[in-house]
Amino acid sequence: MLPRTAIILTLLVASAAVPAAAEDSAVRVELNTAETTGTACRLSFLVENTHATDIAQVVYETVLFDADGAVNQLTLFDFGTLPANRPRVRQFEVPGLACDGLSRILINGASTCDAGALGADICSTTLRLINRTAIALLG
């Protein structure tokens, strides 16, 4: 029979060798910049799929709120293909809207999530939001 310390050390070494749990994997969406161009608000997102396999396509239903907190519009942002563990930048221009007229952006859920064996819900259930702007980002 192994001494108690040997068993504990064996368990510690074994647990260190196990890869990160699936719940640590995510679809990270960072609102990186929001800048007004002549007639539109250009939103730039840094997106990273930290799952072990590629996501063929993800489209998020997105709600834009005006400066007073009222819904300005409901739209779809197509983030396209997200390769595993490779960051991508995606930009969306919202015509007829200045960025300072936006108070919040709500990622309402995935309208499309073609993630193969990961399952269609992975784009919503593992969504992690990061924000680097003055506009609130919710999800």
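Two strands pair if DSSP finds at least two bridges between them, and it is in this sense that Arg28 has Arg128 of β7 as its bridge partner. The model shown in these views is a predicted one.

**View 1. Overview of the protein chain, with its 2 helices and 8 strands.** Followed along the sequence, the elements of the protein chain come in the pattern α-β-β-β-β-β-β-α-β-β. Of the 139 residues in the protein chain, 34% are buried. Among contacts with a separation of 6 or more, 69% are made by residues 24 or more positions apart. The accessible surface of the protein chain amounts to about 7,800 Å², and carbon and sulfur atoms account for 55% of that surface.

**View 2. The open sheet of 4 strands, arranged in the order β5-β2-β1-β7.** The pairing within this sheet is mixed. Because β5 and β7 (127-131) stand at the edges and have a single partner strand each, one side of each of them is left without a neighbour in the sheet. On average, neighbouring strands of the sheet are turned by 25 degrees against each other, with direction ignored. Strands of a sheet pair through backbone hydrogen bonds, and they may do so in a parallel or an antiparallel manner.

**View 3. Strand β6 with its partners β3 and β8.** The pairing of β3 with β6 is antiparallel and comprises 10 bridges, and within it Val58 stands opposite Cys113 of β6. Strand β8, which covers residues 136-138, pairs with β6 in the parallel sense over 3 bridges. There, Leu106 has Leu138 of β8 as its bridge partner.

**View 4. The largest nonpolar core, which holds 28 residues.** The members that touch the most other members are Val29, Leu43, Phe45, Tyr60, Phe79, Leu102 and Ile105. At least two residues of this core come from each of β1 (27-37), β2 (40-49), β3 (55-66), β4 (71-82), β5 (88-95), β6 (102-114) and α2 (122-125).

**View 5. The disulfide between Cys41 and Cys99, one of the 2 disulfides that the structure holds.** A disulfide is a covalent bond between the sulfur atoms of two cysteines. The sulfur atoms of Cys41 and Cys99 lie 2.0 Å apart, and because the torsion about their S-S bond is about 105 degrees, this disulfide is right-handed. The pair links distant parts of the chain, with Cys41 in strand β2 and Cys99 in the loop between β5 and β6, 58 residues apart. Residues count as buried when their relative accessible area is under 20%. Cys41, with a relative accessible area of 0%, is therefore buried, and Cys99, with a value of 7%, is buried as well.

**View 6. The disulfide that joins Cys113 to Cys123.** The distance from sulfur to sulfur is 2.0 Å in this pair, and the torsion about the S-S bond of Cys113 and Cys123 is about 70 degrees, so this disulfide too is right-handed. Cys113 belongs to strand β6 and Cys123 to helix α2, and the pair, 10 residues apart, links distant parts of the chain. Cys113 has a relative accessibility of 12% and therefore counts as buried, and Cys123, at 1%, likewise counts as buried. When bonded cysteines are counted along the chain, the disulfides of the protein chain follow the pattern 1-2, 3-4.

**View 7. Asn85 in the loop between β4 and β5.** Although Asn85 is not a glycine, its phi is positive, at about 55 degrees. With a relative accessibility of 48%, Asn85 counts as partly exposed, because that class lies between the buried limit of 20% and the exposed limit of 50%.

Conventions
Residues numbered from 1 in each chain as written. Predicted model: local features only at pLDDT ≥ 70, side-chain atom pairs only at ≥ 80, totals over all residues. Heavy atoms only, no water. Core = buried A, V, L, I, M, F, W, Y, C linked by side-chain atoms within 4.5 Å. Buried < 20%, exposed > 50% of the residue type's maximum accessible area, 1.4 Å probe, protein only. Disulfide = S-S within 2.5 Å. Axes fitted to C-alpha atoms, helices over the stretch in contact; angles between N-to-C directions. Contact = heavy atoms within 4.5 Å. Areas by Shrake-Rupley, 256 points an atom, 1.4 Å probe, with all protein chains shown as cover.
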